[in-house]
Amino acid sequence: MTTTTTRPGLAAANDEWLARKLLEAGYGGPDCDYPDCTNARAPRPEGKPGPPPKFCVQHNNKRDRQFAYRARKALEKERAAAPEPVPVQRAVARGAREEQVLASLLPRVLTALEAVHQGQQAGADTAAVAAHISEVQQAADKRVRQAEERREAAVEDAGKARAEAARSEQAAAEARAEQQAAQMEAATALREAAGADGRATAAGAALDALSDTHRKLRDEHHELSGKHEELSERYQGLEQTHAALTSEHGTLRTEHGRLQGEAQALHARVEELSEEKARIEESQRRTAADLARVQSENTGLAARLGELETHREELKETIGRLNTRLDEERTQHRREMAALRAQLDVARTAAEPAAAVDHGDGPGPDPDEPEPAADGDEDTAGARDGRGAPVTIVDLGLHGGSGWTLVRYEDDHSGWRVLRDGEIAGSIQPEHSLHGTSLLGWSARTSYAMALRPPHGQKYFANREQAAGAVIRDGLRRAPGTAQAAVAVVFTALGEPEQNALVGAVIPLATATPERGGRLARLPQAVRDAALRTALRVPGEQDLQQLTGLDAGELGRSKEARQLLRALQDLGPADAQETGPVDLGTIGGRAWRLEPDPNYLGGYRVFANGTEVGAIAPVRRRKSDTVRWTAEHRRRTLGRGPAHADRDTAAQAVIAAEDAWVPLPDLDDETYLRIPAGLRSNLYGAAGHIDLRRGRLAQVQPGAYRQQLHAAIGQARRTATVRIRGHHLTVLLDAAREDLGAPGSTPAQRLYEAIHDIRAVLVGRGGTPTDGTEWRT
């Protein structure tokens, strides 16, 4: 009879205390360390020192041990990366572990109780063995008695037969052998009963130990159950707090969505600022390199300047001595001339009587006749300013409402005169070294011969344009001259680009002279004078009439002549229709009227119920071409170029465009913030790619409208969340496509599309919402 034991599960492998207690109680060791293996660990080989194996017989090899090691390390890394549990979670996990340990111990307690029961049964079997031994002994005694009886019968009957005695002796021997075997079997049964009794005693001790442990664990379980209830209440409170935080999180996510739209709009601006920063850093790097180079050059120039100053002082002393000597010689010369005049007077007085005697009374010298000036008398010598046509004219454009030009005459050598509306405002002069081999810079003076100081502590201006700019800035601080020439209205009505084109085209005619030759030089002097006044931006009405009367036959076929003819076309055709007002009657419920356009010869402004809505103008490319008309509606050109055959057709185009046009509602300063964020973001991105310093936006006329349009675009390109003022937004939304850029400009087209989308929303929704919220598209 053998006693069976139950092998502990995975809980014994993870709990060293439980494994040790079970081993002390005689049960098997923990499970195999191989993942998901429930076999018992292999026994330690005999004769080999060291700890026993931690794997079963199947997995006790190098490959499986390496696999188990890697799995254990991965689990440790995962546990290390996991966040530390909060006290509530740690307590709940501990309670769950203890419940698991108790659940795993209950089957083992039942197994131990079964083992004790089996031990008690084994003790009961010991009495049965004793009874069996007693029965065997009784049977053996009986057989022995039977054998003794037979032996006695045999002895008594010894004589009967020795063979019977021998058999009886042999039967007695066999009975003794059987008795010895029965005794040996009884001894073996006793030993087994003693072993079962010892095991039952050990099982009882283990059961007592497990009972004590169970009572302790039960007490701890009750204590942990109380803590668990307390932690559950705290957990419910934390859940309520979590619900409140979840609601607040939803609110923050909504706010995050709104801010994310603004962040996307700011991202493009950040990229532009990053590029601008890179350009500025590169410019600073180049400036630093130039500064180092200039400082190095300045060191040499300073030494050279010291030498030049010394030489200059020597020259001043020499010039002073020469001036003193010249004054002495001039005084001596005047005294000698006075003495000679006195001698001459005496000689004339002495000669007059003799002349009267020899020739009679004759006409004497006229006392009123001036005396001839001496050749060396510089104080009485004069000069006459008889300049001809300028050698070179450079147009500087319009600044402060005045026209500025650079003019150089033949006797000015390398100097230039700066003219403001034809009057001298200053002069500029190149400055060379003493030897005349290198250009040091440019100097500038006002019309009062006052020197202008270069910026940043420099001695000279870097180039001619900087020197001329200094004269212009000084002139803008002064009032213009009172003796300005009367400028033709047609010229002032032209836009700045047309004025620049006309001035640039007449400069070759203004500088043409017979000495230089050419077709333009053979034109009458009056025409060339008119071209000169036009080049100086002070043309009169007669000057423009003389220029517009020129044709290709008179000017020739040169490049300059073709440019002049194209520029003169903007002054209006010669065969314009009547210039008085034209009443078109009532069309579409409104009274329409054409008024002469003072800014364009032959053109008209179109009025609807007294409000100007457009303009029409005649255009003729060449004198031989047919006059065609351009139409403009609220700064928008209708058609491409001169697309209308006559005046009435152009006026009808303006009337049709006005009928289809929908005006904007009244916009306040808060309207822009109520426009959908997507449309504002599109406007911000498109406005950021617009360059206000060059192109058509820099030349749009009139100047007041250009300033308002630039202000609106500047406000739109700052950010999508800052408002645009109502009047600026109105100017921006009513801007024509032609005012935003050239026809092929992609940034201008994107800006116009963004403006058109916003205008469609405002017109479709009737302006400002009554509830103060933004529109939704």
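Is the crossing in which H14 passes H15 left-handed or right-handed? H14 passes H15 in a left-handed crossing, meaning that the near helix is turned anticlockwise from the far one by less than a right angle. This is a predicted model, where local features need pLDDT of at least 70, side-chain atom pairs count only at pLDDT 80 or more, and totals for chains, interfaces and linings use all residues. Residues are numbered from 1 along each chain as its sequence is written, and side-chain values use heavy atoms, without hydrogens and water.

**Helix pair H14 and H15**
- The axes of helix H14 (residues 677–687) and helix H15 (residues 703–718) come within 7 Å and cross at roughly 110°.
- H14 and H15 are therefore roughly perpendicular to each other (65 to 115 degrees).
- Leu-683, Tyr-684 and Ala-687 of H14 make the contact with Ile-713, Ala-716, Arg-717 and Arg-718 of H15 (heavy atoms within 4.5 Å).
- By class, this contact of H14 with H15 has 5 nonpolar, no polar and 2 charged residues.

**Nonpolar cores**
- The largest nonpolar core has 33 residues, and Leu-509 and Leu-547 have the most contacts inside it.
- A nonpolar core is a set of buried Ala, Val, Leu, Ile, Met, Phe, Trp, Tyr and Cys residues joined through side-chain atoms within 4.5 Å, where buried means under 20% relative accessible area with a 1.4 Å probe, protein chains only.
- Leaving aside neighbours within four places in sequence, Leu-509 is in contact with residues including Leu-520, Val-527, Arg-528, Leu-547 and Leu-564.
- A second, separate core of 31 residues includes Leu-667, Ala-687, Tyr-705 and Ile-758.

How values were computed. Buried < 20%, exposed > 50% of the residue type's maximum accessible area, 1.4 Å probe, protein only. Axes fitted to C-alpha atoms, helices over the stretch in contact; angles between N-to-C directions. Helix = DSSP H or I, 4+ residues; strand = E, 2+ residues; numbered from the N terminus. Parallel < 35°, antiparallel > 145°, perpendicular 65-115°, else oblique. Nonpolar A, V, L, I, M, F, W, Y, C, P; charged D, E, K, R; others polar.
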